[in-house]
Amino acid sequence: MERGGAAALACTFRSSPPSPSPSPVSHWRPLLRSRIRPSATARPPHFLLPTTGRRCSYYYIQKRFLDTSKGLKRFSLTTSSSFGRPGVSLNDDDLVKDKLLIDCGEDQDCVLDGIVALGKFDALHIGHRELAMHASKSGNPFLLSFVGMAEVLGWEYRPPIVAHCDRKRVLSSWATYCRNLVPLEYQVEFSKVRYLTPHQFVEKLSADLRIKGVVAGENYRFGYKASGDAAELVKLCEEFGLSAFIVRSVMDTAKRSYNGATPAVNSSDKGQVSSSRVRHALSVGDIEYVSKLLGRKHRLVLTVSEYSLKERKNIIVPKSCMLNMPPADGFYENCELFNGGYLGLCRVVINTETIDIEMKDESSLPPNPFQEDQLLGIEFG
(Lines give C-alpha, C1' and ligand atoms only; values in the text may rest on other atoms or scores of the structure.)
Protein backbone atom coordinates (compact mmCIF):
# COMPACT_ATOMS: atom_id res chain seq x y z
CA MET A 1 0.00 0.00 0.00
CA GLU A 2 1.43 3.34 -1.02
CA ARG A 3 0.41 6.75 0.23
CA GLY A 4 0.58 9.63 -2.19
CA GLY A 5 -0.86 13.07 -2.73
CA ALA A 6 -4.43 13.03 -3.91
CA ALA A 7 -4.38 15.28 -6.88
CA ALA A 8 -5.76 17.35 -9.55
CA LEU A 9 -8.93 18.26 -11.25
CA ALA A 10 -10.18 18.18 -14.77
CA CYS A 11 -13.77 19.26 -14.35
CA THR A 12 -15.30 17.15 -17.10
CA PHE A 13 -18.08 15.19 -15.48
CA ARG A 14 -19.34 12.02 -17.07
CA SER A 15 -22.87 11.85 -15.81
CA SER A 16 -24.45 8.72 -14.47
CA PRO A 17 -28.22 8.14 -14.74
CA PRO A 18 -29.99 10.45 -12.31
CA SER A 19 -31.18 8.96 -9.07
CA PRO A 20 -34.94 8.64 -8.68
CA SER A 21 -36.36 11.80 -7.13
CA PRO A 22 -39.25 11.99 -4.71
CA SER A 23 -42.61 12.76 -6.22
CA PRO A 24 -42.82 16.37 -7.38
CA VAL A 25 -44.20 18.99 -5.06
CA SER A 26 -47.65 20.40 -5.61
CA HIS A 27 -47.60 22.76 -8.57
CA TRP A 28 -48.88 26.25 -7.83
CA ARG A 29 -50.38 28.46 -10.48
CA PRO A 30 -48.49 31.70 -10.97
CA LEU A 31 -49.53 34.47 -8.59
CA LEU A 32 -49.00 37.25 -11.12
CA ARG A 33 -48.63 37.25 -14.85
CA SER A 34 -48.21 39.78 -17.61
CA ARG A 35 -48.61 39.73 -21.37
CA ILE A 36 -46.67 37.16 -23.40
CA ARG A 37 -44.70 38.26 -26.41
CA PRO A 38 -44.84 35.42 -28.96
CA SER A 39 -41.69 34.20 -30.68
CA ALA A 40 -39.31 31.27 -30.44
CA THR A 41 -35.81 30.66 -31.61
CA ALA A 42 -33.72 27.52 -31.33
CA ARG A 43 -30.96 27.47 -28.75
CA PRO A 44 -27.34 27.63 -29.94
CA PRO A 45 -25.10 24.61 -29.46
CA HIS A 46 -23.59 24.34 -25.97
CA PHE A 47 -20.63 22.07 -25.26
CA LEU A 48 -18.16 21.40 -22.49
CA LEU A 49 -14.67 20.31 -23.44
CA PRO A 50 -12.25 18.37 -21.23
CA THR A 51 -9.36 20.04 -19.49
CA THR A 52 -6.64 18.98 -17.11
CA GLY A 53 -5.24 20.27 -13.85
CA ARG A 54 -2.33 19.79 -11.48
CA ARG A 55 -3.73 20.18 -7.98
CA CYS A 56 -7.14 20.18 -6.35
CA SER A 57 -6.97 23.88 -5.59
CA TYR A 58 -6.02 24.88 -9.13
CA TYR A 59 -8.46 26.40 -11.55
CA TYR A 60 -10.31 24.43 -14.15
CA ILE A 61 -11.37 25.86 -17.46
CA GLN A 62 -14.84 25.74 -18.90
CA LYS A 63 -14.99 26.17 -22.66
CA ARG A 64 -18.14 26.68 -24.68
CA PHE A 65 -18.46 27.13 -28.44
CA LEU A 66 -20.93 29.91 -28.95
CA ASP A 67 -21.78 30.71 -32.53
CA THR A 68 -20.77 29.11 -35.79
CA SER A 69 -23.74 30.33 -37.83
CA LYS A 70 -21.66 33.08 -39.44
CA GLY A 71 -18.65 30.96 -40.17
CA LEU A 72 -16.94 32.11 -36.99
CA LYS A 73 -15.61 30.00 -34.14
CA ARG A 74 -15.88 32.19 -31.12
CA PHE A 75 -15.55 30.85 -27.63
CA SER A 76 -15.42 31.97 -24.04
CA LEU A 77 -13.32 30.72 -21.19
CA THR A 78 -14.49 30.83 -17.60
CA THR A 79 -12.17 29.76 -14.80
CA SER A 80 -13.23 28.62 -11.37
CA SER A 81 -11.38 27.11 -8.47
CA SER A 82 -11.97 23.60 -7.21
CA PHE A 83 -14.47 24.93 -4.68
CA GLY A 84 -16.26 26.90 -7.39
CA ARG A 85 -14.67 30.28 -6.71
CA PRO A 86 -15.15 32.51 -9.74
CA GLY A 87 -11.91 33.31 -11.51
CA VAL A 88 -11.08 35.13 -14.73
CA SER A 89 -13.65 35.22 -17.53
CA LEU A 90 -12.60 36.06 -21.05
CA ASN A 91 -13.27 35.36 -24.69
CA ASP A 92 -11.38 35.88 -27.91
CA ASP A 93 -12.12 39.62 -27.67
CA ASP A 94 -10.99 39.70 -24.01
CA LEU A 95 -14.65 39.87 -22.99
CA VAL A 96 -16.74 42.82 -24.05
CA LYS A 97 -17.15 44.64 -20.76
CA ASP A 98 -20.67 45.98 -21.27
CA LYS A 99 -22.17 42.56 -22.01
CA LEU A 100 -24.47 41.05 -19.41
CA LEU A 101 -23.77 37.30 -19.69
CA ILE A 102 -20.21 36.30 -18.86
CA ASP A 103 -20.46 32.84 -20.44
CA CYS A 104 -22.32 33.55 -23.65
CA GLY A 105 -20.44 35.66 -26.19
CA GLU A 106 -20.42 38.97 -28.01
CA ASP A 107 -23.84 38.56 -29.60
CA GLN A 108 -25.43 37.65 -26.23
CA ASP A 109 -27.99 35.47 -28.04
CA CYS A 110 -27.76 32.39 -25.81
CA VAL A 111 -31.15 33.03 -24.19
CA LEU A 112 -32.77 34.68 -27.22
CA ASP A 113 -36.58 34.37 -27.06
CA GLY A 114 -36.34 32.11 -24.05
CA ILE A 115 -38.06 32.18 -20.67
CA VAL A 116 -35.53 33.05 -17.98
CA ALA A 117 -35.82 32.02 -14.32
CA LEU A 118 -34.17 34.61 -12.07
CA GLY A 119 -32.30 33.80 -8.85
CA LYS A 120 -29.05 32.64 -7.24
CA PHE A 121 -29.70 28.89 -7.64
CA ASP A 122 -26.97 27.77 -5.25
CA ALA A 123 -28.55 24.50 -4.12
CA LEU A 124 -30.70 23.69 -7.18
CA HIS A 125 -33.40 22.60 -4.73
CA ILE A 126 -37.08 21.78 -5.35
CA GLY A 127 -38.04 25.46 -5.20
CA HIS A 128 -35.59 26.25 -8.00
CA ARG A 129 -36.89 23.24 -9.94
CA GLU A 130 -40.40 24.68 -9.64
CA LEU A 131 -39.25 27.91 -11.32
CA ALA A 132 -37.65 25.96 -14.17
CA MET A 133 -40.82 23.93 -14.58
CA HIS A 134 -42.93 27.07 -14.98
CA ALA A 135 -40.39 28.54 -17.41
CA SER A 136 -40.66 25.43 -19.59
CA LYS A 137 -44.42 25.88 -19.96
CA SER A 138 -43.96 28.94 -22.17
CA GLY A 139 -40.70 28.29 -24.02
CA ASN A 140 -37.13 27.15 -23.71
CA PRO A 141 -36.22 27.26 -19.99
CA PHE A 142 -33.08 29.04 -18.81
CA LEU A 143 -31.62 29.81 -15.41
CA LEU A 144 -29.96 33.20 -15.01
CA SER A 145 -27.62 32.99 -12.03
CA PHE A 146 -25.83 35.89 -10.39
CA VAL A 147 -22.25 35.18 -9.40
CA GLY A 148 -19.59 37.11 -7.52
CA MET A 149 -21.94 38.53 -4.88
CA ALA A 150 -19.77 37.33 -1.99
CA GLU A 151 -16.68 39.08 -3.36
CA VAL A 152 -18.49 42.33 -4.15
CA LEU A 153 -20.43 42.51 -0.88
CA GLY A 154 -17.62 41.21 1.31
CA TRP A 155 -19.39 38.03 2.41
CA GLU A 156 -17.40 35.15 3.83
CA TYR A 157 -16.67 32.53 1.20
CA ARG A 158 -18.69 29.30 1.38
CA PRO A 159 -18.20 26.22 -0.82
CA PRO A 160 -21.04 25.58 -3.27
CA ILE A 161 -23.76 23.09 -2.39
CA VAL A 162 -23.59 21.63 -5.90
CA ALA A 163 -20.16 21.20 -7.49
CA HIS A 164 -19.82 23.45 -10.52
CA CYS A 165 -19.04 20.49 -12.77
CA ASP A 166 -22.09 18.58 -11.44
CA ARG A 167 -24.71 21.22 -12.18
CA LYS A 168 -25.35 20.02 -15.72
CA ARG A 169 -26.16 16.53 -14.43
CA VAL A 170 -28.63 17.92 -11.89
CA LEU A 171 -30.32 20.15 -14.46
CA SER A 172 -30.57 17.19 -16.85
CA SER A 173 -32.52 15.32 -14.18
CA TRP A 174 -35.12 18.11 -14.22
CA ALA A 175 -36.15 17.37 -17.83
CA THR A 176 -39.03 15.15 -16.66
CA TYR A 177 -40.52 18.19 -14.88
CA CYS A 178 -39.80 20.58 -17.79
CA ARG A 179 -41.60 19.04 -20.76
CA ASN A 180 -38.51 16.94 -21.54
CA LEU A 181 -36.43 20.10 -21.92
CA VAL A 182 -33.15 20.44 -20.04
CA PRO A 183 -32.80 23.92 -18.54
CA LEU A 184 -29.58 25.66 -19.52
CA GLU A 185 -27.80 27.93 -17.07
CA TYR A 186 -26.01 31.20 -17.80
CA GLN A 187 -24.26 33.54 -15.40
CA VAL A 188 -24.32 37.29 -14.82
CA GLU A 189 -21.45 38.95 -12.98
CA PHE A 190 -23.12 40.67 -10.05
CA SER A 191 -20.81 43.67 -10.26
CA LYS A 192 -22.28 44.51 -13.68
CA VAL A 193 -25.84 44.84 -12.40
CA ARG A 194 -25.28 45.91 -8.80
CA TYR A 195 -26.06 49.59 -9.34
CA LEU A 196 -28.87 49.18 -11.88
CA THR A 197 -32.32 50.41 -10.90
CA PRO A 198 -35.16 47.90 -11.33
CA HIS A 199 -36.16 49.68 -14.54
CA GLN A 200 -32.62 49.54 -15.94
CA PHE A 201 -32.28 45.87 -15.06
CA VAL A 202 -35.45 44.82 -16.89
CA GLU A 203 -34.49 47.07 -19.81
CA LYS A 204 -31.19 45.18 -20.10
CA LEU A 205 -33.00 41.82 -20.07
CA SER A 206 -35.22 43.04 -22.90
CA ALA A 207 -32.76 45.01 -25.03
CA ASP A 208 -29.50 43.10 -24.49
CA LEU A 209 -30.66 39.50 -24.02
CA ARG A 210 -33.89 39.75 -26.05
CA ILE A 211 -35.70 37.25 -23.89
CA LYS A 212 -39.41 36.45 -24.15
CA GLY A 213 -40.20 36.48 -20.45
CA VAL A 214 -39.12 35.87 -16.87
CA VAL A 215 -40.09 33.61 -13.99
CA ALA A 216 -39.33 34.52 -10.37
CA GLY A 217 -40.39 33.53 -6.88
CA GLU A 218 -42.81 35.64 -4.86
CA ASN A 219 -39.98 36.82 -2.58
CA TYR A 220 -37.66 37.81 -5.43
CA ARG A 221 -35.91 41.18 -5.02
CA PHE A 222 -33.87 42.96 -7.67
CA GLY A 223 -32.33 46.30 -8.55
CA TYR A 224 -29.96 48.45 -6.49
CA LYS A 225 -30.19 47.59 -2.79
CA ALA A 226 -32.96 45.07 -3.67
CA SER A 227 -35.36 47.97 -4.21
CA GLY A 228 -37.62 46.09 -6.64
CA ASP A 229 -40.07 43.34 -5.70
CA ALA A 230 -42.14 40.78 -7.61
CA ALA A 231 -45.01 43.18 -8.26
CA GLU A 232 -42.67 45.77 -9.75
CA LEU A 233 -41.04 43.07 -11.89
CA VAL A 234 -44.44 42.28 -13.44
CA LYS A 235 -45.16 45.98 -14.04
CA LEU A 236 -41.80 46.60 -15.70
CA CYS A 237 -42.05 43.47 -17.84
CA GLU A 238 -45.41 44.71 -19.15
CA GLU A 239 -43.76 48.01 -20.04
CA PHE A 240 -41.09 46.23 -22.10
CA GLY A 241 -43.43 43.67 -23.67
CA LEU A 242 -42.16 40.68 -21.69
CA SER A 243 -44.18 37.98 -19.99
CA ALA A 244 -43.71 37.66 -16.24
CA PHE A 245 -44.69 34.74 -14.03
CA ILE A 246 -44.45 35.02 -10.24
CA VAL A 247 -44.53 31.64 -8.55
CA ARG A 248 -45.48 30.85 -4.97
CA SER A 249 -42.65 29.65 -2.74
CA VAL A 250 -42.38 25.92 -2.20
CA MET A 251 -42.86 25.52 1.54
CA ASP A 252 -40.76 23.28 3.73
CA THR A 253 -43.27 20.71 4.98
CA ALA A 254 -40.69 18.70 6.93
CA LYS A 255 -40.28 21.47 9.55
CA ARG A 256 -37.22 19.89 11.13
CA SER A 257 -36.33 20.76 14.70
CA TYR A 258 -33.13 20.06 16.61
CA ASN A 259 -33.21 19.61 20.38
CA GLY A 260 -36.84 20.66 20.30
CA ALA A 261 -36.23 23.96 18.51
CA THR A 262 -36.63 24.91 14.88
CA PRO A 263 -33.50 26.80 13.78
CA ALA A 264 -33.80 30.37 12.53
CA VAL A 265 -32.01 30.06 9.19
CA ASN A 266 -32.02 33.77 8.28
CA SER A 267 -34.12 36.89 8.61
CA SER A 268 -35.96 36.35 5.30
CA ASP A 269 -36.97 32.80 6.17
CA LYS A 270 -40.74 32.36 6.10
CA GLY A 271 -40.77 28.57 6.08
CA GLN A 272 -39.96 28.17 2.39
CA VAL A 273 -37.44 25.73 0.94
CA SER A 274 -34.15 27.59 0.59
CA SER A 275 -30.44 27.10 0.01
CA SER A 276 -29.88 28.29 3.58
CA ARG A 277 -31.99 25.41 4.88
CA VAL A 278 -30.02 22.96 2.76
CA ARG A 279 -26.74 24.31 4.15
CA HIS A 280 -28.00 24.05 7.70
CA ALA A 281 -29.19 20.47 7.20
CA LEU A 282 -25.81 19.51 5.73
CA SER A 283 -23.98 21.20 8.60
CA VAL A 284 -25.77 19.00 11.13
CA GLY A 285 -25.57 15.84 8.99
CA ASP A 286 -29.34 15.44 8.47
CA ILE A 287 -29.14 13.62 5.14
CA GLU A 288 -32.80 12.62 5.00
CA TYR A 289 -33.83 16.26 5.34
CA VAL A 290 -31.28 17.34 2.73
CA SER A 291 -32.73 14.83 0.24
CA LYS A 292 -36.25 16.18 0.78
CA LEU A 293 -35.16 19.77 0.22
CA LEU A 294 -33.14 18.92 -2.91
CA GLY A 295 -35.57 16.40 -4.39
CA ARG A 296 -32.60 14.09 -4.91
CA LYS A 297 -29.67 12.65 -3.02
CA HIS A 298 -26.84 15.02 -2.20
CA ARG A 299 -23.72 14.24 -4.23
CA LEU A 300 -20.28 15.17 -2.90
CA VAL A 301 -17.75 15.41 -5.74
CA LEU A 302 -14.06 14.71 -5.14
CA THR A 303 -11.02 14.88 -7.36
CA VAL A 304 -8.87 11.78 -7.06
CA SER A 305 -5.91 10.25 -8.87
CA GLU A 306 -4.13 6.94 -9.13
CA TYR A 307 -2.08 8.08 -6.13
CA SER A 308 -5.09 8.28 -3.81
CA LEU A 309 -4.85 5.87 -0.93
CA LYS A 310 -6.60 2.55 -1.68
CA GLU A 311 -6.41 -0.72 0.20
CA ARG A 312 -8.65 -3.63 -0.77
CA LYS A 313 -12.16 -2.14 -0.53
CA ASN A 314 -11.18 1.13 1.15
CA ILE A 315 -10.48 4.50 -0.45
CA ILE A 316 -9.13 7.52 1.45
CA VAL A 317 -9.31 10.97 -0.13
CA PRO A 318 -8.06 14.20 1.49
CA LYS A 319 -10.71 16.78 2.26
CA SER A 320 -8.72 19.28 0.21
CA CYS A 321 -10.06 17.54 -2.89
CA MET A 322 -13.73 18.28 -2.18
CA LEU A 323 -15.45 20.38 -4.84
CA ASN A 324 -18.60 21.19 -2.87
CA MET A 325 -20.06 21.23 0.62
CA PRO A 326 -19.97 17.90 2.49
CA PRO A 327 -22.26 16.76 5.30
CA ALA A 328 -21.03 17.19 8.86
CA ASP A 329 -18.16 15.02 10.04
CA GLY A 330 -19.48 11.61 10.98
CA PHE A 331 -20.38 8.11 9.82
CA TYR A 332 -22.82 7.57 6.92
CA GLU A 333 -24.37 4.26 5.86
CA ASN A 334 -26.16 3.40 2.60
CA CYS A 335 -24.10 5.66 0.34
CA GLU A 336 -23.46 5.08 -3.35
CA LEU A 337 -20.20 5.62 -5.20
CA PHE A 338 -19.86 6.83 -8.77
CA ASN A 339 -16.76 6.99 -10.92
CA GLY A 340 -18.14 8.00 -14.30
CA GLY A 341 -20.49 5.05 -13.85
CA TYR A 342 -21.99 3.36 -10.84
CA LEU A 343 -19.46 1.53 -8.64
CA GLY A 344 -21.64 0.25 -5.82
CA LEU A 345 -22.83 0.70 -2.25
CA CYS A 346 -20.49 2.02 0.39
CA ARG A 347 -20.29 3.59 3.79
CA VAL A 348 -18.42 6.80 4.45
CA VAL A 349 -16.58 8.31 7.39
CA ILE A 350 -15.90 12.05 7.19
CA ASN A 351 -13.34 13.37 9.66
CA THR A 352 -11.32 16.54 10.02
CA GLU A 353 -8.76 15.71 7.32
CA THR A 354 -9.98 12.85 5.13
CA ILE A 355 -13.00 11.12 3.65
CA ASP A 356 -12.78 7.36 4.17
CA ILE A 357 -14.87 5.21 1.83
CA GLU A 358 -15.48 1.52 2.45
CA MET A 359 -17.14 -0.45 -0.33
CA LYS A 360 -19.81 -2.94 0.69
CA ASP A 361 -18.62 -5.39 -1.96
CA GLU A 362 -14.88 -5.58 -2.49
CA SER A 363 -15.34 -7.01 -5.99
CA SER A 364 -17.22 -3.85 -7.10
CA LEU A 365 -13.97 -1.90 -6.91
CA PRO A 366 -11.58 -2.71 -9.79
CA PRO A 367 -7.86 -3.17 -9.03
CA ASN A 368 -7.00 0.23 -10.50
CA PRO A 369 -10.20 2.26 -10.23
CA PHE A 370 -8.66 5.69 -10.74
CA GLN A 371 -7.13 7.49 -13.63
CA GLU A 372 -5.29 10.72 -13.08
CA ASP A 373 -7.48 13.79 -12.62
CA GLN A 374 -10.69 11.79 -12.30
CA LEU A 375 -13.86 12.68 -10.42
CA LEU A 376 -15.45 10.56 -7.75
CA GLY A 377 -19.02 11.13 -6.59
CA ILE A 378 -20.53 10.04 -3.29
CA GLU A 379 -24.32 10.11 -2.98
CA PHE A 380 -25.62 10.11 0.58
CA GLY A 381 -28.83 8.14 1.10
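Modeller: S13 and S14 form a hairpin with one residue between them, and Gly-340 in the turn has a positive phi of about 85 degrees. This is a predicted model: local features need pLDDT of at least 70, side-chain atom pairs count only at pLDDT 80 or more, and totals for chains, interfaces and linings use all residues. Residues are numbered from 1 along each chain as its sequence is written, and side-chain values use heavy atoms, without hydrogens and water.

Biologist: How many bridges join S13 to S14?

Modeller: Strands are DSSP E runs of at least two residues, helices H or I runs of at least four, numbered from the N terminus. Two strands pair if DSSP finds at least two bridges between them. Here eight bridges join S13 (residues 330–339) to S14 (residues 341–350), antiparallel. Tyr-332 stands opposite Val-348.

Biologist: Which way does S16 run against S13?

Modeller: S16 (residues 374–380) runs antiparallel to S13, with three bridges. Glu-336 has Glu-379 in S16 as its bridge partner.

Biologist: Why is the pair Tyr-332 and Phe-380 edge-to-face?

Modeller: Rings of Phe, Tyr and Trp (its six-membered ring) pair if their centres lie within 6.5 Å; planes under 30 degrees apart count as stacked, over 60 as edge-to-face and the rest as tilted. Phe-201 and Phe-222 are tilted, at 5.9 Å and 45 degrees. The centres of Tyr-332 and Phe-380 lie 5.4 Å apart with planes at 80 degrees, so this pair is edge-to-face. Tyr-332 is in S13 and Phe-380 in S16, 48 residues apart.
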